[in-house]
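Thanks for coming, everyone. Please take a look at this one with me, and I'll go from the whole chain down to single residues.

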Amino acid sequence: MSHSLKVPFLDLALQYHSIQEELETAALRTLRSGRYIMGDEVVEFERKFAEYTGSRYAIGVASGTDAIQLALRALGIGPGDDVLSVANVSAPTVCAILATGARPVLIDIDPRTFNMDPNRLADYLNKSSDRNQIKAIVPVHLYGRSADMKSIKEIANQFEIKVVEDASQAHGASAGEDMAGTIGEIGCFSLYPTKNLGACGDAGVIVTNDPLVAEKLQMLRNYGERSRYDNSLIGFNSRLDEIQASLLNVKLKHLRRWTERRRQIACKYNQSLGKLGINTPGDSIENLAGHVYHLYVIQVANREQFQSDLMQLGVGTAVHYPKPIHHQLAFQGVCVTDGALGVTEQACRTVVSLPLYPEMTDEAVEMVCDSISQLVRSGRCTLQNMA
Ligand SMILES: Cc1ncc(COP(=O)(O)O)c(C=O)c1O
């Protein structure tokens, strides 16, 4: 079969064009309003996002990284504290922990889900000699699937530590009965343009059910002001702006439909790639319906070759993420790990993300499946299945 179609890894212009009129109307309305900071659009977005996640409060902020930093600060975390997270991520989660003055401690992941392994977490806490220093867990709901929040929350309760969820890749993912981001004390979402709900610039949002935490976050994002020129805390400038909020208000209306389309595409990938012997995200996990497929990730042993072969066939791919955080130059000496992170290391060597976005046509999805099938059947792709 010959393919003339090109499937880029991601094309954000496709989303823009699909709702162009709505976005432009909202942006123009905001421009013409003369109100650009902390106005009605932000209030509406916070109300709608809280409703969407089933949280009491949502607080718009400037980015996902700020969301995590402010969340940890709102819980009083700072210098001398340890915060447990994972290493198969990009820099922001760890940057946010470090920005509070706390020390990130990285725990290994479950090979079936790429999320924090609750058994490793419990082992670490049980054996830790300075347990009082451990103040929070930041599980990352990677690729659109919630971490095992039931187990993580149970462990956190047992050891009396707080949970701040990094739900930047999991808008609308379910974690049992609840939504990812709503089980810990605080949930943090990036609204970076590539996310399932993304602004047209930088943005983030925090959810919580605790009124005192919400009040503190509202102050922290706005110089620490309780009301104008009345500073109760040393704060930051980390506000969500009106133009981004107006665009997010438009996009939030489409999020459920976009998530459905992501699931349809993933379902097709699961069926086609599963037949080739590839471990798909749908293989072994009961809670599949809750996955929102921010990224569709498989594993291959000869990744560079695979990516370049797919590119030749017209299919773009990406890697999330090629290097464990503790191997990055910037974080050496400032992070610690729970011993060797064997599963994390192997994931970083072998993961590869396939194109998956709501605007992909059925033909494009088919082309990706056919191209991979061609590579697997011809022996050019060496599968690597950890789980
Ligand atoms: C898991 C995770 N955490 C945090 C962030 C940081 O978000 P932002 O880029 O909005 O600061 C991102 C996005 O890049 C992310 O994917």
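**Overall fold**

The protein chain has 13 helices and 14 strands. Those are DSSP runs, numbered from the N terminus: helices are H or I with at least four residues, strands are E with at least two. The radius of gyration is 21 Å, close to the 21 Å from the globule rule for 387 residues, so the chain is as compact as a globular protein of that length. The radius is taken over C-alpha atoms, and the rule is 2.2 Å times the number of residues to the power 0.38.

A word on the source. This is a predicted model, where local features need pLDDT of at least 70 and side-chain atom pairs count only at pLDDT 80 or more, while totals for chains, interfaces and linings use all residues. Residues are numbered from 1 along each chain as its sequence is written, and side-chain values use heavy atoms, with hydrogens and water left out.

Now the extents. Along its principal axes, the C-alpha trace spans about 70 × 60 × 40 Å. Of the 387 residues, 56% count as buried. Buried means under 20% relative accessible area, exposed over 50%, partly exposed in between, with a 1.4 Å probe and protein chains only.

Next, contacts, meaning heavy atoms within 4.5 Å. Take those between residues at least 6 apart in sequence: 72% join residues at least 24 apart.

**Two domains**

The domain assignment gives domain 1 (14-252) and domain 2 (255-377). These bounds come from an automatic or database domain assignment. The C-alpha centres of the two domains lie 24 Å apart. How many residues meet across the domains? 45 residues of domain 1 are in contact with 39 residues of domain 2.

**Two residues**

Start with Gln244. Gln244 sits in helix H9, residues 242-252. Is Gln244 buried or exposed? Gln244 counts as buried, because its relative accessibility is 10%. Leaving out residues up to four places away in sequence, Gln244 touches Ala199, Cys200, Gly201 and Asp202.

Then Gly339. Gly339 lies in the loop between strand E13 (336-337) and helix H12 (342-350). Its relative accessible area is 48%, so Gly339 is partly exposed.
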